[in-house]
Amino acid sequence: MASRGYFVNRFATLTDDFVLRNFDLRWMIEVKGDSMKQNKLIIRVKRTELINVLDELANLGSDKLSTNSQKFLNEFIQKMKSCILPLNECAPDRYILYLDAGSLQRYNKRKQQLSQRLASELTKYILANGYTTRRSLEVGFALANHEVSSPSNNASEAWMEIHCEFSHEDSQLSPGELKSTLYQEHNDEHFAPQTSNRPHEDNPAEEEPSTYLSSIGDVYNADKNIEGTDSDGTASIPSTNILASLITAKETHHLTKPKTSIGRREENDIVVSDLTISRNHAEIIADAGKFILKDLSSKNGTYLNGKRIEVAEIKNNDIISLDRAGKISFRFEMAEQYAVISSENFLEHFNRGLALRREKRWDSAAKEFLEAIRLGDKSARPYFNIAVIKFHQGDYEQSIENFQKGLAIEPDNVSAHADLGKVYQITEQWEKAIEHLQKALELKPNHEAAKRRLSRIEEVYEIYRDVGSQLSKQKSESQEIEVKSSPVEPRLHRDETPSIEDEFSFDLMVGAEVQRRLMPEIPKFPELDIAAYTIPARGVSGDYYDFVPLDGQKLWLAIADVSGKSIGGAILMSEARSILRANIKHGLPLEAVISQVNNTIYEDTASDKFITMFVGTLDIQNKTFEYCNAGHNPTTLYHSQSQQLRTLDVGGPAAGILPDAPYETARVNLESGDALMFYTDGITEAMNDAEELFGEERLHKLFAQNASLEAQQIIEAINNQVKEFSAGDFEDDATLLVVKVKK
């Protein structure tokens with residue numbers, strides 16, 4: 001029997017009050033063989049009611065919907081439920097909102113987040129009403145190509161349509177695909193026919209196939225007329241069938257296909273525009289609920305939790321890096337369809353949230369804490385837990401907001417003040433950071449974390465104020481005007497807003513002064529020849545090196561590259577230096593020292609902040625060198641006897657990327673005439689006009705050719721070649737450190 005569709009009027013089952021107030025509901029069935037299969041519901045919604053809900057959902061700073069919006073969504077599901085056939089055990093799982101052009105433009109920049117949140121809210125209400133869906137909910141927006149008349153015949157009221165579609169077990173749909181059916185309509189001018197992706201048996205000549213659903217990565221392209229709508233008006237729905245996500249501090253990449261490619265080529269699913277990344281670098285394969293990371297013979301390797309891999313299984317919250325240092329890294333997060341537990345007891349929801357938080361299932365835990373609040377938990381605990389979750393997710397604005405909500409209820413919570421101070425430190429809101437850290441110490445004077453953070457901030461903040469005072473004085477003298485602001489905190493409290501140039505110059509001056517104070521003098525040992533040189537790329541360097549003589553016959557040394565410059569980078573550099581020096585002087589093993597730096601940086605900084613470092617202890621008397629490489633460019637050892645080079649790469653990931661990351665040490669023997677070359681990636685990543693990198697091969701060759709010279713001469717030879725190669729234009733800070741064992 002031919003497949004044929006019909007609209008069946010169900011207005012008689014709805015009260016007049018309901019129809020006139022919010023909805024006009026119809027359903028559709030498809031007759032196939034001897035059975036009936038429901039395919040679609042079309043719901044007419046009063047525009048003002050729908051836009052109010054969408055506006056609230058689009059405001060992602062609001063975690064809890066208002067009572068009116070909750071009532072609207074619940075009523076929507078209840079009325080939809082009344083029109084689901086008894087034979088249909090599942091609710092619709094595809095929802096297309098047909099909006100006018102103005103409304104589409106209204107949500108243009110937030111459509112992806114809005115789709116995901118609306119899908120989440122609908123899922124919650126569907127489950128609460130005893131239904132499930134055969135697939136994860138998909139919500140999309142399309143341009144309405146016709147006006148929807150008011151069922152109450154009130155011309156002043158604007159209405160919109162929501163098409164709710166069912167998937168069936170025999171649909172045979174691939175992930176990210178949506179099959180739509182051409183339905184015949186019976187004398188109803190308000191509904192526009194939908195096209196199909198399969199020939200219509202009754203009238204194939206009239207069929208115009210179209211793709212109804214595309215993945216999130218394809219929906220918001222430049223070739224769209226209005227975002228979410230193709231140029232011909234066909235609906236494009238962002239798929240919520242997300243398998244997993246790769247998350248950085250700045251963006252999230254959703255994995256929606258069985259295989260996701262990563263690399264520099266534009267054809268990749270995830271494009272990383274960095275010359276250190278191979279054109280086809282790596283891929284992630286989704287297979288039977290597992291995810292496999294595969295390196296595609298990349299030049300610089302693919303790393304999982306700091307270890308180089310060829311093929312490896314990825315677990316939730318693993319860190320994937322496309323370079324040794326971890327500078328280009330993603331946190332892997334598996335998608336989770338989660339509905340809050342069925343309980344009216346807020347304590348059960350809170351305890352469930354704690355369990356999920358311990359498993360690092362952040363979104364699911366947050367849902368339970370929000371449900372606990374909704375059900376009447378008046379304590380500060382849910383807010384503090386949500387704040388911590390948002391911190392781990394990198395949503396610092398929401399983290400601050402929830403800490404503030406919790407402190408309004410429990411103003412003397414020590415940990416909350418200390419943690420909020422940390423978030424303010426990370427977001428470089430220095431005065432607020434100091435305020436909350438001081439409050440934590442006032443409540444608990446021996447709070448070590450607050451004490452450490454406050455010490456680091458105040459150390460750099462003192463420089464901050466000194467530089468600001470100097471800058472104010474210089475401007476006052478040059479412009480011969482009275483500076484209205486306080487000389488102690490010139491930038492924070494100036495009456496006039498500083499220019500971008502002033503802000504940039506000020507930050508560079510602060511960073512440069514911190515660097516000047518932290519850089520050590522080169523130690524003098526009769527058995528060693530040492531030289532060092534730093535070329536800052538933009539006035540201040542994020543590179544750092546250090547020396548600490550130990551017991552007269554040992555020299556501890558380090559070279560590091562700190563992510564971020566100016567004030568934030570300066571604090572990071574200062575904190576790392578303090579930890580390194582304190583622990584080395586106490587005789588702790590190198591791997592323990594690096595581990596402590598790693599965990600402290602991980603706890604105290606943003607997810608995009610880290611330090612690559614190479615630390616070693618040179619035993620002058622026994623001529624040995626023990627080292628640990630934390631994601632840094634490997635130090636190069638030149639053996640004078642064999643005239644061979646050796647790279648020193650044993651260690652672990654960059655500090656601050658992974659908590660409790662494992663680190664290893666290694667030891668090499670030295671001979672008279674041997675030379676060690678330490679460097680940062682500003683050397684190897686120097687670029688010429690043809691966008692060619694200087695690279696390790698050139699550097700190693702140059703080092704070997706000049707290794708018989710004195711340390712300072714080696715540095716000058718390399719520096720001259722790099723400057724000639726790059727025309728003196730460095731994209732990143734470049735540091736060279738050479739240590740020779742004298743003959």
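Strand E9 (residues 244-247) pairs with E10 in the antiparallel sense over 4 bridges, where pairing requires that DSSP finds at least two bridges between two strands. Helices (H or I, at least four residues) and strands (E, at least two) are DSSP runs, numbered from the N terminus. Within this pair, Leu246 stands opposite His253 in E10. The model is a predicted one, in which local features need pLDDT of at least 70 and side-chain atom pairs count only at pLDDT 80 or more, while totals for chains, interfaces and linings use all residues. Residues are numbered from 1 along each chain as its sequence is written, and side-chain values use heavy atoms, with hydrogens and water left out.

E9 and E10 belong to an open sheet of 6 strands in the order E10-E9-E19-E18-E15-E16, with antiparallel pairing. At its edges are strand E10 (252-255) and strand E16 (307-309), each of which pairs on one side only. Neighbouring strands of this sheet are turned by 30° against each other on average, direction ignored; angles run from 0 to 180 degrees between N-to-C directions, and axes are lines fitted to C-alpha atoms, for helices over the stretch in contact.

Most residues other than glycine have a negative phi. Ser297, although not a glycine, has a positive phi of about 55°. Ser297 is located in the loop between strand E14 (290-295) and strand E15 (302-304), and is exposed, with a relative accessible area of 71%. Lys360 likewise is not a glycine and has a positive phi, of about 60°; its place is the loop between H7 and helix H8 (362-374). Lys360 counts as partly exposed at 37% relative accessibility (buried means under 20% relative accessible area, exposed over 50%, partly exposed in between, with a 1.4 Å probe and protein chains only).

We turn next to helix packing. Helix H7 (residues 346-358) packs with helix H9 (residues 381-392) at an angle of about 25°, their axes lying 11 Å apart. H7 and H9 are therefore roughly parallel to each other (angles under 35 degrees count as roughly parallel, over 145 as roughly antiparallel, 65 to 115 as roughly perpendicular and the rest as oblique). The contact (heavy atoms within 4.5 Å) involves Leu347, Phe350, Leu354 and Arg357 of H7, together with Arg381, Pro382, Asn385, Val388 and Ile389 of H9.

From H18, the contact draws on Arg698, Leu699, Leu702, Phe703 and Asn706, and from H19 on Ile714, Ala717, Ile718, Gln721 and Phe725.

Strand E25 (residues 635-639) and E26 pair in the antiparallel sense over 5 bridges, and Tyr638 stands opposite Leu645 in E26.
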